[in-house]
Amino acid sequence: MNKKKTHILLVNYAFSMFRGGGENFDLNISKELKKKNIDCSILCVKPILGEIRIKGPNNLDIIYVNGFWFYDFSVYLKTLDTRLSKLSYFIRLIGQISFEISAIISIWKRKDRYSLIVTSYMPLVTLVSSNLLRIKSIIRCSGPFRSPYEKLLFRFLKIIICNGDTYRKLIKIYPEKIKYVEIGVDHSFTSLNTIKHEKEYIDIAIVGRLVPVKGIGELIDVLKLVSMKTPIKIHIFGDGVLMHQLKQQVNKLKINRFTTFYGYCDKKQLIEQLKRMDCLIMNSVYDNFPNSIIEANALGLPVWSPNV
(Lines give C-alpha, C1' and ligand atoms only; values in the text may rest on other atoms or scores of the structure.)
Protein backbone atom coordinates (compact mmCIF):
# COMPACT_ATOMS: atom_id res chain seq x y z
CA MET A 1 0.00 0.00 0.00
CA ASN A 2 1.44 3.39 -1.04
CA LYS A 3 2.00 5.86 1.73
CA LYS A 4 0.02 9.06 1.38
CA LYS A 5 2.26 11.97 0.36
CA THR A 6 2.49 14.78 2.90
CA HIS A 7 0.44 17.82 1.92
CA ILE A 8 0.21 20.81 4.27
CA LEU A 9 -2.53 23.41 4.02
CA LEU A 10 -1.93 26.89 5.46
CA VAL A 11 -5.18 28.78 6.08
CA ASN A 12 -4.66 32.54 6.14
CA TYR A 13 -7.69 34.82 5.76
CA ALA A 14 -5.69 37.94 4.82
CA PHE A 15 -2.99 36.42 2.58
CA SER A 16 -4.66 37.82 -0.56
CA MET A 17 -5.27 41.26 0.98
CA PHE A 18 -2.10 42.41 2.75
CA ARG A 19 1.28 41.21 4.00
CA GLY A 20 1.66 41.41 7.75
CA GLY A 21 3.90 39.28 9.92
CA GLY A 22 1.55 36.29 9.82
CA GLU A 23 1.19 36.41 6.05
CA ASN A 24 4.96 36.64 5.53
CA PHE A 25 5.40 33.74 7.96
CA ASP A 26 3.14 31.54 5.85
CA LEU A 27 4.85 32.68 2.65
CA ASN A 28 8.29 31.81 4.06
CA ILE A 29 7.07 28.46 5.40
CA SER A 30 5.61 27.54 2.01
CA LYS A 31 8.95 28.35 0.33
CA GLU A 32 10.90 26.18 2.78
CA LEU A 33 8.46 23.28 2.41
CA LYS A 34 8.80 23.49 -1.36
CA LYS A 35 12.61 23.22 -1.01
CA LYS A 36 12.07 20.00 0.95
CA ASN A 37 9.74 18.67 -1.76
CA ILE A 38 6.72 18.82 0.55
CA ASP A 39 3.42 19.81 -1.07
CA CYS A 40 1.92 22.96 0.40
CA SER A 41 -1.11 25.11 -0.39
CA ILE A 42 -2.37 28.39 1.03
CA LEU A 43 -6.11 28.96 1.41
CA CYS A 44 -7.21 32.61 1.60
CA VAL A 45 -10.15 34.92 0.94
CA LYS A 46 -11.60 36.08 -2.35
CA PRO A 47 -13.61 39.10 -1.15
CA ILE A 48 -17.28 39.02 -2.08
CA LEU A 49 -17.53 42.82 -2.18
CA GLY A 50 -14.03 43.61 -3.39
CA GLU A 51 -10.97 42.43 -5.26
CA ILE A 52 -7.88 40.42 -4.45
CA ARG A 53 -5.09 42.90 -3.73
CA ILE A 54 -2.00 40.73 -3.54
CA LYS A 55 -1.35 37.60 -5.55
CA GLY A 56 1.20 35.08 -4.41
CA PRO A 57 4.15 33.75 -6.42
CA ASN A 58 3.22 31.76 -9.54
CA ASN A 59 4.89 28.63 -8.17
CA LEU A 60 2.72 28.68 -5.05
CA ASP A 61 -0.56 26.74 -4.93
CA ILE A 62 -3.15 29.25 -3.70
CA ILE A 63 -6.79 28.37 -3.13
CA TYR A 64 -9.30 31.24 -2.99
CA VAL A 65 -12.68 30.93 -1.29
CA ASN A 66 -15.46 33.50 -1.06
CA GLY A 67 -15.89 35.54 2.10
CA PHE A 68 -16.64 39.05 3.30
CA TRP A 69 -13.70 41.38 3.93
CA PHE A 70 -14.71 44.06 6.44
CA TYR A 71 -11.24 44.63 7.92
CA ASP A 72 -10.66 48.04 6.29
CA PHE A 73 -14.07 49.34 7.32
CA SER A 74 -13.65 48.07 10.87
CA VAL A 75 -10.28 49.81 11.21
CA TYR A 76 -11.79 52.99 9.79
CA LEU A 77 -14.52 52.93 12.45
CA LYS A 78 -11.89 52.88 15.21
CA THR A 79 -10.16 55.91 13.69
CA LEU A 80 -13.43 57.81 13.98
CA ASP A 81 -13.98 57.04 17.66
CA THR A 82 -12.29 54.51 19.95
CA ARG A 83 -15.68 53.89 21.58
CA LEU A 84 -16.61 52.07 18.38
CA SER A 85 -13.95 49.42 19.01
CA LYS A 86 -16.42 46.70 20.04
CA LEU A 87 -18.66 47.37 17.04
CA SER A 88 -15.54 47.41 14.85
CA TYR A 89 -14.45 44.00 16.12
CA PHE A 90 -17.95 42.52 15.67
CA ILE A 91 -18.08 43.68 12.03
CA ARG A 92 -14.63 42.26 11.33
CA LEU A 93 -15.61 38.98 13.01
CA ILE A 94 -18.63 38.60 10.71
CA GLY A 95 -16.27 38.75 7.75
CA GLN A 96 -13.87 36.28 9.33
CA ILE A 97 -16.59 33.74 10.15
CA SER A 98 -17.95 33.96 6.58
CA PHE A 99 -14.46 33.04 5.37
CA GLU A 100 -14.07 30.26 7.93
CA ILE A 101 -17.33 28.64 6.78
CA SER A 102 -16.19 28.78 3.13
CA ALA A 103 -12.78 27.43 4.13
CA ILE A 104 -14.35 24.47 5.97
CA ILE A 105 -16.44 23.58 2.90
CA SER A 106 -13.32 23.75 0.69
CA ILE A 107 -11.33 21.56 3.09
CA TRP A 108 -14.19 19.05 3.36
CA LYS A 109 -14.25 18.65 -0.44
CA ARG A 110 -10.51 17.89 -0.44
CA LYS A 111 -10.18 16.28 2.98
CA ASP A 112 -8.33 13.22 1.68
CA ARG A 113 -5.65 15.49 0.22
CA TYR A 114 -4.33 17.11 3.41
CA SER A 115 -2.00 15.63 6.04
CA LEU A 116 -1.80 18.73 8.22
CA ILE A 117 -3.67 22.04 8.45
CA VAL A 118 -2.11 25.11 10.05
CA THR A 119 -4.44 28.09 10.43
CA SER A 120 -3.55 31.68 11.16
CA TYR A 121 -5.90 32.54 14.02
CA MET A 122 -8.88 30.65 12.54
CA PRO A 123 -10.32 28.78 15.56
CA LEU A 124 -13.49 27.52 13.87
CA VAL A 125 -11.57 26.06 10.90
CA THR A 126 -9.07 24.45 13.27
CA LEU A 127 -11.76 22.95 15.48
CA VAL A 128 -13.91 21.52 12.68
CA SER A 129 -10.93 20.20 10.68
CA SER A 130 -9.50 18.46 13.72
CA ASN A 131 -12.61 17.12 15.45
CA LEU A 132 -15.05 16.51 12.58
CA LEU A 133 -12.91 16.05 9.47
CA ARG A 134 -10.23 14.16 11.43
CA ILE A 135 -7.31 16.07 9.91
CA LYS A 136 -4.46 17.01 12.24
CA SER A 137 -4.90 20.77 12.71
CA ILE A 138 -2.92 23.43 14.52
CA ILE A 139 -3.75 27.07 15.14
CA ARG A 140 -1.03 29.73 15.03
CA CYS A 141 -1.78 32.84 17.08
CA SER A 142 -0.38 36.23 16.17
CA GLY A 143 -1.73 38.00 19.24
CA PRO A 144 -3.19 37.25 22.67
CA PHE A 145 -6.65 38.48 21.64
CA ARG A 146 -9.26 37.23 24.08
CA SER A 147 -12.67 38.01 22.60
CA PRO A 148 -15.73 35.93 23.56
CA TYR A 149 -15.37 34.12 20.22
CA GLU A 150 -11.83 33.00 21.02
CA LYS A 151 -12.61 32.21 24.66
CA LEU A 152 -15.44 29.96 23.51
CA LEU A 153 -13.47 27.98 20.92
CA PHE A 154 -9.92 27.94 22.28
CA ARG A 155 -10.87 25.64 25.14
CA PHE A 156 -11.63 22.89 22.59
CA LEU A 157 -8.44 23.24 20.52
CA LYS A 158 -5.64 20.71 20.95
CA ILE A 159 -2.49 22.56 19.86
CA ILE A 160 -1.83 26.32 19.81
CA ILE A 161 1.50 27.56 18.45
CA CYS A 162 2.75 31.08 19.03
CA ASN A 163 5.71 33.23 20.02
CA GLY A 164 6.57 36.62 21.47
CA ASP A 165 4.05 38.40 23.66
CA THR A 166 1.33 35.92 22.68
CA TYR A 167 3.29 33.02 24.13
CA ARG A 168 4.00 34.86 27.39
CA LYS A 169 0.28 35.54 27.90
CA LEU A 170 -1.43 32.43 26.54
CA ILE A 171 0.93 29.97 28.30
CA LYS A 172 -0.65 31.15 31.56
CA ILE A 173 -4.16 30.40 30.31
CA TYR A 174 -3.67 27.21 28.24
CA PRO A 175 -0.40 25.72 29.56
CA GLU A 176 -1.14 22.21 28.25
CA LYS A 177 -1.97 23.40 24.71
CA ILE A 178 0.72 25.99 23.97
CA LYS A 179 3.78 25.24 21.86
CA TYR A 180 6.48 27.83 21.19
CA VAL A 181 7.51 28.39 17.57
CA GLU A 182 10.54 30.44 16.57
CA ILE A 183 10.23 32.86 13.66
CA GLY A 184 13.37 33.41 11.62
CA VAL A 185 14.38 35.71 8.80
CA ASP A 186 14.34 35.02 5.09
CA HIS A 187 17.90 34.09 4.04
CA SER A 188 17.89 36.85 1.45
CA PHE A 189 18.01 39.44 4.22
CA THR A 190 21.37 38.21 5.44
CA SER A 191 23.13 37.72 2.11
CA LEU A 192 23.30 41.33 0.94
CA ASN A 193 25.67 44.11 1.82
CA THR A 194 24.10 47.45 2.57
CA ILE A 195 24.86 50.29 0.17
CA LYS A 196 26.07 53.50 1.78
CA HIS A 197 27.19 56.67 0.01
CA GLU A 198 28.40 60.01 1.29
CA LYS A 199 25.33 62.20 1.60
CA GLU A 200 24.03 65.23 3.41
CA TYR A 201 20.89 63.66 4.81
CA ILE A 202 19.74 60.63 6.81
CA ASP A 203 17.51 58.05 5.10
CA ILE A 204 14.88 56.85 7.56
CA ALA A 205 12.74 53.78 6.85
CA ILE A 206 9.27 53.07 8.27
CA VAL A 207 8.00 49.57 7.46
CA GLY A 208 4.54 48.25 8.27
CA ARG A 209 0.86 48.25 7.50
CA LEU A 210 -0.64 51.74 7.60
CA VAL A 211 -3.11 51.11 10.42
CA PRO A 212 -3.65 52.95 13.72
CA VAL A 213 -1.84 50.42 15.94
CA LYS A 214 1.44 51.13 14.11
CA GLY A 215 1.49 54.74 15.35
CA ILE A 216 2.87 56.10 12.08
CA GLY A 217 0.93 59.37 12.27
CA GLU A 218 2.56 60.26 15.58
CA LEU A 219 5.94 59.23 14.14
CA ILE A 220 5.49 61.62 11.21
CA ASP A 221 4.79 64.47 13.66
CA VAL A 222 8.04 63.72 15.48
CA LEU A 223 10.06 63.45 12.26
CA LYS A 224 8.76 66.88 11.23
CA LEU A 225 10.49 68.29 14.32
CA VAL A 226 13.63 66.29 13.60
CA SER A 227 13.74 67.66 10.04
CA MET A 228 13.95 71.22 11.43
CA LYS A 229 17.34 70.36 12.95
CA THR A 230 18.70 67.55 10.78
CA PRO A 231 18.32 66.92 7.01
CA ILE A 232 16.37 63.67 6.60
CA LYS A 233 14.48 61.69 3.99
CA ILE A 234 11.49 59.62 5.13
CA HIS A 235 10.69 56.38 3.31
CA ILE A 236 7.37 54.69 4.20
CA PHE A 237 6.93 51.08 3.03
CA GLY A 238 3.50 49.53 3.37
CA ASP A 239 -0.15 49.95 2.52
CA GLY A 240 -3.31 50.26 4.56
CA VAL A 241 -6.47 52.17 5.35
CA LEU A 242 -4.55 55.22 6.62
CA MET A 243 -2.60 55.79 3.39
CA HIS A 244 -4.70 58.77 2.24
CA GLN A 245 -4.86 60.27 5.73
CA LEU A 246 -1.08 60.01 6.21
CA LYS A 247 -0.41 61.61 2.82
CA GLN A 248 -2.68 64.49 3.81
CA GLN A 249 -0.78 64.82 7.10
CA VAL A 250 2.56 64.93 5.26
CA ASN A 251 1.28 67.65 2.93
CA LYS A 252 -0.12 69.66 5.83
CA LEU A 253 3.22 69.50 7.66
CA LYS A 254 4.98 70.52 4.43
CA ILE A 255 7.40 67.60 4.52
CA ASN A 256 6.20 66.02 1.28
CA ARG A 257 9.40 67.12 -0.50
CA PHE A 258 11.41 64.57 1.46
CA THR A 259 8.75 61.93 2.24
CA THR A 260 8.06 59.01 -0.11
CA PHE A 261 5.22 56.48 0.15
CA TYR A 262 6.10 53.22 -1.63
CA GLY A 263 2.94 51.24 -0.92
CA TYR A 264 3.19 47.47 -0.75
CA CYS A 265 6.63 46.08 -1.68
CA ASP A 266 7.46 42.42 -2.08
CA LYS A 267 10.48 41.09 -0.19
CA LYS A 268 12.93 41.57 -3.04
CA GLN A 269 11.89 45.20 -3.55
CA LEU A 270 11.95 45.88 0.19
CA ILE A 271 15.46 44.49 0.62
CA GLU A 272 16.76 46.55 -2.29
CA GLN A 273 15.38 49.67 -0.63
CA LEU A 274 16.37 48.86 2.96
CA LYS A 275 20.01 48.30 2.12
CA ARG A 276 20.14 51.98 1.12
CA MET A 277 18.67 53.19 4.42
CA ASP A 278 20.53 54.53 7.46
CA CYS A 279 18.04 53.35 10.08
CA LEU A 280 14.57 51.96 10.67
CA ILE A 281 12.07 53.49 13.07
CA MET A 282 8.85 51.98 14.38
CA ASN A 283 6.26 53.28 16.80
CA SER A 284 3.76 50.45 17.29
CA VAL A 285 1.37 50.68 20.21
CA TYR A 286 1.36 46.88 20.21
CA ASP A 287 3.25 44.30 18.17
CA ASN A 288 3.45 40.63 19.08
CA PHE A 289 6.76 39.98 17.33
CA PRO A 290 7.81 42.74 14.89
CA ASN A 291 9.44 41.02 11.92
CA SER A 292 10.63 44.35 10.51
CA ILE A 293 13.01 44.75 13.47
CA ILE A 294 14.78 41.41 13.07
CA GLU A 295 14.89 41.86 9.29
CA ALA A 296 16.49 45.28 9.69
CA ASN A 297 18.95 43.83 12.20
CA ALA A 298 19.84 41.09 9.70
CA LEU A 299 20.75 43.83 7.21
CA GLY A 300 22.81 45.67 9.83
CA LEU A 301 20.40 48.59 10.14
CA PRO A 302 20.12 50.44 13.48
CA VAL A 303 16.57 50.33 14.84
CA TRP A 304 14.71 52.77 17.08
CA SER A 305 11.61 51.19 18.58
CA PRO A 306 9.42 51.21 21.69
CA ASN A 307 9.53 48.16 23.92
CA VAL A 308 6.92 46.07 22.10
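**The seven-stranded sheet**

Guide: Seven strands form an open sheet with parallel pairing, in the order β3-β2-β1-β4-β5-β6-β7. At the edges stand β3 (61-67) and β7 (178-180), each of which pairs on one side only. Neighbouring strands here are turned against each other by 25 degrees on average, direction ignored.

Some terms and conditions come next. This is a predicted model, in which local features need pLDDT of at least 70 and side-chain atom pairs count only at pLDDT 80 or more, while totals for chains, interfaces and linings use all residues. Residues are numbered from 1 along each chain as its sequence is written, and side-chain values use heavy atoms, with hydrogens and water left out. Helices (H or I, at least four residues) and strands (E, at least two) are DSSP runs, numbered from the N terminus. Two strands pair if DSSP finds at least two bridges between them. Axes are lines fitted to C-alpha atoms, for helices over the stretch in contact, and angles run from 0 to 180 degrees between N-to-C directions.

Strand β4 (residues 116-120) runs parallel to strand β5 (residues 136-140), and five bridges join them. In this pairing L116 stands opposite K136 in β5.

Two helices pack on the sheet. Helix α3 (residues 85-109) touches β1, β2 (39-47), β3 and β4, where contact means heavy atoms within 4.5 Å. The direction of α3 makes about 130 degrees with that of β3. Helix α4 (residues 123-131) also packs on the sheet and touches β1, β4 and β5. The direction of α4 makes about 165 degrees with that of β5.

S16 lies between β1 (7-11) and α1 (21-35). S16 is buried, with a relative accessible area of 1%; buried means under 20% relative accessible area, exposed over 50%, and partly exposed in between (1.4 Å probe, protein chains only). Leaving aside neighbours within four places in sequence, S16 is in contact with C44, V45, I52, R53, I54 and Y64.

The model also has a second open sheet, of five strands with parallel pairing, in the order β10-β9-β8-β11-β12. Its edges are β10 (259-263) and β12 (303-304), each with a single partner strand, so one side of each has no neighbour in the sheet.
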